[in-house]
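Colleague: I would like to learn how to read the features of a model like this one. Please take them one by one.

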Amino acid sequence: MFSFLKKSTPAKAEETVAEKRSWIDRLKAGLSRTGNQLADLFSRGGKIDDDLYEELETILITADVGMDATNTLLADLRRHVREHKLVEAEELKAGLAHCLLKLLGPLAVPLHAETHKPFVIMMVGVNGAGKTTSIGKLAKYLQSQGLSVMLAAGDTFRAAAREQLMTWGERNNVTVIAQQSGDAAAVIYDAVQAAQARKIDVVLADTAGRLTTQAHLMEEIKKVKRVIAKVLPDAPHEVLLVLDANTGQNALSQVKAFDAALGVTGLILTKLDGTAKGGVIAAIAKAHPIPVRFIGVGEGLDDLRPFDAQEFIDALLGLSA
Ligand SMILES: Nc1nc2c(ncn2[C@@H]2O[C@H](COP(=O)(O)OP(=O)(O)OP(=O)(O)O)[C@@H](O)[C@H]2O)c(=O)[nH]1
């Protein structure tokens, strides 16, 4: 085993107005594909009628919201329109924001990593979803909350993954526990023990990407989870599934399969800065709700934040200032 780098230096960070602005702008830009379609629809003028609902239905479905959540949203919206006696197409925007908040609001449950020490977070997901990158960003975020962090290089399949994690460790000035060879369970086991000994607050454990159809790899990750519990009985305290927002409806199958195998406690939705349509979050809220702990809008250290449903909806609908 070798560990890398020094102690983390916790410090509460204050966010500047400019940082907040830049985050919202990136989120808005990422969601602009869907946002522009909705803006066109609502600003066209005219009355609320069946044609308008039909066009809205098409936009929601093409935005990865899926049939089920689209039906729920539209039924709720129709009820809202009746109750509030809305007439003009432009009034529908605030109505949709209201219904989206009802659907997405319950997903916005923040992660509380201070409830155990060390608090062990196991990152899982398909290949390339953004696990390792999210660990880097999460390390920075947790440090900004005053918590000390240690990383475990549990992705022992991909040769470059360990080096990638080392680089993130270096950037964040945190220790990375890794092994030249060996299995993920052993690396993470060592990391949890080291964190206990060094009184570290949070262990972020990387794991190799895998498809949910690869039965032997799904068995392997279940074993990793069991082994973690051997060193610390109630660990891992959080199983975070990382989802690439661009995978659309397929993200929902990933949620179901990883949850069945591991008991997923939280989600990270990455790459919302790309061509993501954003609607999959509504599909998850309807079909298989699990808290969305964080969303990612880029590859930089500051590009990950706790999920805020209101902020997300405002960015999507162009309601933010
Ligand atoms: N644009 C953008 N790119 C991202 C984001 N998060 C991750 N990426 C990029 O996605 C690619 C894959 O990220 P990794 O962190 O290596 O993914 P992984 O899940 O660890 O991959 P495996 O180890 O192969 O399973 C990298 O090029 C990242 O820079 C994001 O929020 N936005």
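Modeller: Start with the annotation: UniProt positions are given in the numbering used here, feature names are shortened, and annotations may be inferred rather than shown by experiment. Residues are numbered from 1 along each chain as its sequence is written. The model is predicted: local features need pLDDT of at least 70 and side-chain atom pairs count only at pLDDT 80 or more, while totals for chains, interfaces and linings use all residues.

Colleague: Which residues does the annotation "domain: SRP54-type proteins GTP-binding" cover?

Modeller: In the unreviewed UniProt entry, this annotation covers residues 291–304. Helices (H or I, at least four residues) and strands (E, at least two) are DSSP runs, numbered from the N terminus. By that reading, residues 291–304 are 0% helix and 43% strand, with 16 Å between the end C-alpha atoms.

Colleague: How many helices and strands does the protein have?

Modeller: The protein has 12 helices and 9 strands.

Colleague: What does the radius of gyration say about the protein?

Modeller: The radius is taken over C-alpha atoms, and the globule rule is 2.2 Å times the number of residues to the power 0.38. For 321 residues a compact globule would have a value near 20 Å, and the 21 Å of the protein agrees with this. Along the principal axes, the C-alpha atoms fill a box of roughly 65 × 45 × 30 Å.

Colleague: Is H84 buried or exposed?

Modeller: A residue is buried if 20 or more other C-beta atoms lie within 10 Å of its own, exposed if 12 or fewer, and partly exposed in between, with C-beta atoms placed from the backbone. H84 is exposed because it has 12 other C-beta atoms within 10 Å. H84 sits in the loop between α4 (66–83) and α5 (91–104). Its C-alpha atom is 59 Å from that of D183, 99 residues apart along the chain. Buried residues make up 46% of the 321 residues.

Colleague: Which residues touch the most other members of the largest nonpolar core?

Modeller: In soluble globular proteins, nonpolar side chains tend to be buried together. A nonpolar core is a set of buried Ala, Val, Leu, Ile, Met, Phe, Trp, Tyr and Cys residues joined through C-beta atoms within 7 Å. Here the largest has 100 residues, and L151, I188, V203 and L204 touch the most other members. Helix α8 (residues 184–198) gives the most to this core, 8 residues.

Colleague: What is V203 in contact with?

Modeller: Two residues are in contact if their C-beta atoms, placed from the backbone, lie within 7 Å. Leaving aside neighbours within four places in sequence, the contacts of V203 include P118, M150 and A191.
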